[in-house]
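Let's take a walk through this model together, one neighbourhood at a time. Have the sequence and the 3D view open side by side.

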Amino acid sequence: MPEQSPPAPGRIMAAEMAEQPAVLQRLLDEGAAPIREVAAQIAARGPRFVLLTARGTSDNAALYAKYLVEVELGKPAGLASMSTTTAYGARPDLRDVLVVTVSQSGGSPDLIASTKAAREGGAVTLAVTNNPDSPLAEVSEFHVDVLAGPEKALPATKTYTAELLALYLLVQGLRGDGGTARPRDPGEAAAVEQLPALAARVLGRQAEVRALAERYRFAQRLVLTSRGFGYPTAREAALKLMETTYIPAQPFSGADLLHGPLAMVDNVSPVIAIVPDGKGGEALQPVLDRLRGRGADLMVVGPQDQVDAASAGFALPPGVPEPVQPILEILPLQQLAHEITIARGQDPDAPRALAKVTETH
C-alpha cells in the first residue's frame, strides 16, 4: 500500500477560515433569539458599567465590545486586569456592574477564577464562549454560545468572528429602544443579515491576498494601526501574524502612533492600516498622511479610495455600517497571515510553543 502524503501545511486553518460565512449564518439563524433573551434579562437588572474579561484573541473581541458598549449604549466600559483578583486577591465591589467574560474554550483558570470572584462581588456575570459545557459557563450566571463548532487549528479564526457577531447582537439587545449614545442606523440590520454573503465574497478573493503575501513574506517587522472600531482588528491581525509567521508585528492606535512610535517607521518596514469607512477612518487620516509623508510602504484594508492612495491594499465591500465592519476587516488579514506563513515554509496550523487552551492563573 503506497504511503500517504502528509497533510498540506495550513490545511486546517484554511478550512476553518472558509467556514466563517456558514458560522455567521448559523449564529444569525440559531443564536440571535437566545442572545436577545439573555440581553433582555440583563437589561432588566440595569447595570451601570460593563467590565470585560478575556485573553488573547478573545481579548481583541472584548475590546471591540468595549467600543460597542460606549458608542451604542453610552455606558462606561473597561477591560479587567485579572491579576488583581487571581494574584493579588482583591475583591472589588461590583454591584451594578455587568462582567462579560469572553473565551473560546471557557477553560482558562484565571478567567474562571476572576468570573467567580466577580459574581461573589455582586456583578451580573455573562460568559461568551464556544463551549456551553465549559467551567466558565458553569460559574457564570448567563451564557452566550457563539456556535462556531470545533476549532482545531491553533490560530483562532472562526471563533473570533463568531465572538464579534455574538457581542454585536448582545449589545443591540441591551440597547433595546431606549436612549443611546448613537442613533440607530436604519440600514444596519439589513447589513448584518448580509454579513455571511459579504464574508464569502471577501474570502473568495484569495488570489489578491496571495499577491500581498508575496510582497510582505520577507518583512522583518510590521506595524499595524487603526482608530475606533478598526483598532481591535489591528490588534487581532498583529496577533495572527506573530503567532503564525513569527514576524514581530506591533499594533498601535493611530493616535498613539503619533505620540512617539512614528519615529520607527521608515520606507523598509511595512505598515498595515485598517481604515474604517466612517468616523474611525476620518480620525485616522492625519496618521495616513504622516505615514505617506515618511515614505512608508503602506498597505490599507478599507474603502477602495483609501486603497488607491496606498502602496498596496485590499478593498472591502462598500456600504457596510462602521460598527459591523470589523467582522469583514479581519478576514483578508487572517488569510494574509496564513499565506505569508506558507510562503515562509512554515505550518500555520501548529505554531511552535502554542496550545489551544492557555492555562494562565
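A residue is called buried if its relative accessible area is under 20%, exposed if it is over 50%, and partly exposed in between (1.4 Å probe, protein chains only). This is a predicted model, in which local features need pLDDT of at least 70, side-chain atom pairs count only at pLDDT 80 or more, and totals for chains, interfaces and linings use all residues. Residues are numbered from 1 along each chain as its sequence is written, and side-chain values use heavy atoms, with hydrogens and water left out. Helices (H or I, at least four residues) and strands (E, at least two) are DSSP runs, numbered from the N terminus.

Let's begin with the sheet. Five strands make up an open sheet with parallel pairing, in the order S2-S1-S3-S4-S5; two strands pair if DSSP finds at least two bridges between them. Strand S2 (77–79) and S5 are at the edges with a single partner strand each, so one side of each has no neighbour in the sheet. Ignoring direction, neighbouring strands here are turned by 20° against each other on average. Between strand S1 (residues 49–54) and strand S3 (residues 97–103), which run parallel, there are six bridges, and Ala54 sits opposite Val102 in S3.

Helices pack on this sheet too. Helix H2 (residues 20–43) touches S3, strand S4 (124–129) and S5, and its direction makes about 165° with that of S5. Contact here means heavy atoms within 4.5 Å; axes are lines fitted to C-alpha atoms, for helices over the stretch in contact, and angles run from 0 to 180 degrees between N-to-C directions. H7 lies across S3, S4 and S5 and runs at about 160° to S3.

Thr157 counts as buried because its relative accessibility is 0%. Beyond its neighbours within four places in sequence, Thr157 has contacts that include Met13, Met17 and Gln334.

Now turn to helix H10 (residues 206–216), whose buried residues are Val209, Leu212, Ala213 and Tyr216. They lie on the same side of H10 because they cover an arc of only 105° around the axis, taken from the directions from the helix axis to the C-beta atoms. On the other side, Ala207 and Ala211 are exposed. The cover over the buried residues of H10 includes strand S9 (298–302), strand S10 (312–315) and helix H15 (325–343).
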